[in-house]
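I'm opening my notebook on a new structure today. I'll jot down what I looked up, one topic at a time.

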Amino acid sequence: MENGELMKPGFLSQKFSEILDKNNLRHIRLHDLRHSCGTLLIQNGVPVKDIQIWLGHSNFQTTLRYAHADIENKRISASVISDKLLFETKKEQIIELEL
């Protein structure tokens with residue numbers, strides 16, 4: 001700190017909360033920004049090893065959690081698209097039967 005004292009353990013969290021309040025932003029934990037960072041890096045093709053270094057994970061398996069989350073998000077998106085295509089196909093078949 002400016003006066004040479006050590007920061008207290010909750011100082012950064014408290015200041016982060018104040019910044020959120022001041023800017024009328026939803027409250028999240030400061031640590032949540034790390035998760036967002038890891039997820040965005042994975043989604044934009046950054047190699048997992050580079051993300052491990054960026055986030056300071058000593059264990060590669062910890063960083064792989066972000067890759068698993070990305071795979072799950074892709075599965076959900078693919079399911080939505082698949083359901084939509086199946087619905088449209090069934091709708092077209094019904095229309096053909098009615099003709």
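This is a predicted model: local features need pLDDT of at least 70, side-chain atom pairs count only at pLDDT 80 or more; totals for chains, interfaces and linings use all residues.

**Surface patch.** I started on the outside, where Met 7, Leu 12, Leu 30 and Leu 33 form a nonpolar patch with about 350 Å² of accessible area together. For my own reference, a patch takes residues with over 30% relative accessible area and no salt bridge; like charges are joined within 9 Å, and nonpolar side chains (Val, Leu, Ile, Met, Phe, Trp, Tyr) within 5 Å. Accessible areas come from the Shrake-Rupley method with a 1.4 Å probe, and for residues only the protein chains shown count as cover. I then looked up Leu 30, which sits in the loop between α1 (11–22) and α2. Leu 30 counts as partly exposed because its relative accessibility is 33%. The cut-offs here are under 20% relative accessible area for buried, over 50% for exposed, and partly exposed in between (1.4 Å probe, protein chains only).

**What I'm working with.** Residues are numbered from 1 along each chain as its sequence is written, and side-chain values use heavy atoms, with hydrogens and water left out.

**Whole chain.** I found 4 helices and 0 strands in the protein chain, and the pattern along the sequence reads α-α-α-α. Helices (H or I, at least four residues) and strands (E, at least two) are DSSP runs, numbered from the N terminus. Of the 99 residues, 14% count as buried. The chain exposes about 8400 Å², and carbon and sulfur atoms supply 60% of that.

**Helix α2.** I checked residues 32–43, which make up α2: 12 residues, reaching 17 Å from the first C-alpha to the last, close to the 16 Å expected at 1.5 Å a residue. The expected span is 1.5 Å times one less than the number of residues. After α2 comes Gly 45, with a positive phi near 80°.

Which residue other than glycine has a positive phi, near 50°? I got Asn 24. Most residues other than glycine have a negative phi, so I flagged this one. Asn 24 is in the loop between α1 and α2, and it counts as exposed because its relative accessibility is 72%.

**Salt bridges.** How many salt bridges does a search of the whole structure find? My list has 2. The rule is a side-chain nitrogen of Lys or Arg within 4 Å of a carboxyl oxygen of Asp or Glu. One pairs Glu 18 with Lys 15, their closest N and O atoms being 3.4 Å apart. Both lie in helix α1, 3 residues apart, about one turn of the helix. Arg 29 forms a salt bridge with Asp 32, and there the closest N and O atoms are 2.6 Å apart. Arg 29 counts as exposed, since its relative accessibility is 52%.

**His 57.** Is His 57 buried or exposed? I wrote down buried, because its relative accessibility is 15%. His 57 belongs to the loop between α3 (48–55) and α4 (60–98). Its side chain makes polar contacts with the side chains of Thr 63 (2.7 Å) and Arg 34 (3.4 Å). A polar contact is a pair of N or O atoms within 3.5 Å; within protein, one must be able to donate a hydrogen and the other to accept it, and residues adjacent in sequence count only if both atoms are side-chain atoms.
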